[in-house]
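Please open the structure in a viewer and keep the sequence at hand.

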Amino acid sequence: MRVKLLSKCPICGSGLEIIKLRCPSCRTTIENNFEYNKFMKLTDEQLQFVEMFLKARGNFKEMERELGLSYPTLRARLESILEVLGLKDIGKRQDTIEVLEMLERGEISPDEAIKILKEED
């Protein structure tokens, strides 16, 4: 049975280190201090969201249809993922541009754009 890799100690909450890797086939073991990939910090639900986001090529309209979730809910989930990955500030400027483009294309109303931009602050 495989267990999802933990990034924090369940007892004290400190960050864990990866120190051992083992091949399940030949049982070769390698010991060292290995780094976590930042995506390993995401929950299973967040990883599923990222997979869907990539599959939809970032098209929130398609994601709304597929998942039955509202735009603000999808944005909130993306924001939480950006925060975990340390990319929150980078995404804000792009978010504003995306909202303005949606407004320009008539996909959302001015009131919806204002609501979305206020939620992002």
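**Confidence and conventions**

Begin by colouring the protein chain by pLDDT, the predictor's confidence in each residue, from 0 to 100: the chain averages 83, and 89% of the residues score at least 70. This is a predicted model, in which local features need pLDDT of at least 70 and side-chain atom pairs count only at pLDDT 80 or more, while totals for chains, interfaces and linings use all residues. Residues are numbered from 1 along each chain as its sequence is written, and side-chain values use heavy atoms, with hydrogens and water left out. Among the elements of the chain, H1 has the highest mean pLDDT (91) and H4 the lowest (75). Helices (H or I, at least four residues) and strands (E, at least two) are DSSP runs, numbered from the N terminus. Where pLDDT is low, the predicted coordinates should not be read in detail.

**The annotated spans**

Next, select residues 9-39 and 42-87, which the UniProt annotation "domain: DUF2089", from an unreviewed entry, covers. Such annotations may be inferred rather than shown by experiment; their positions are given in the numbering used here, and feature names are shortened. Residues 9-39 are 0% helix and 35% strand, and the end C-alpha atoms of this span lie 18 Å apart.

**The loop between E1 and E2**

Move to Arg27, in the loop between strand E1 (18-22) and strand E2 (29-34). Arg27 has a positive phi of about 65° although it is not a glycine. Most residues other than glycine have a negative phi. Arg27 is exposed, with a relative accessible area of 56%; here buried means under 20%, exposed over 50%, and partly exposed in between (1.4 Å probe, protein chains only).

A disulfide is a pair of cysteine sulfur atoms within 2.5 Å, and a search of the whole structure finds zero. Cys23 is partly exposed at 29% relative accessibility, whereas Cys26 is exposed at 51%.

Gln46 is in helix H1 and counts as buried, at 15% relative accessibility. Leaving aside residues up to four places away in sequence, Gln46 touches Lys41, Ser80, Ile81 and Val84, a contact being heavy atoms within 4.5 Å.

Continue to the loop between H1 and H2, where Arg57 lies. Arg57 also has a positive phi, near 55°, and is exposed at 73% relative accessibility. At the start of H2, a side-chain oxygen of Asn59 reaches to within 2.9 Å of the backbone nitrogen of Lys61. Just after H2, Gly68 takes a positive phi of about 70°.

**The nonpolar core**

Finally, display the side chains of Phe49, Phe60, Met63, Tyr71, Ile81, Val99 and Ile108, which have the most contacts inside the largest nonpolar core, a set of 18 residues. Such a core consists of buried Ala, Val, Leu, Ile, Met, Phe, Trp, Tyr and Cys residues joined through side-chain atoms within 4.5 Å. The elements giving two or more residues to this core are H1 (44-55), H2 (60-67), H3 (71-84), H4 (88-104) and H5 (110-120). H3 gives the most, with five residues.

End at Ile108, which touches Val99, Met102, Leu103, Ala113 and Ile116, not counting residues up to four places away in sequence.

Conventions
Polar contact = N/O pair within 3.5 Å; in protein donor to acceptor, adjacent residues only side chain to side chain.
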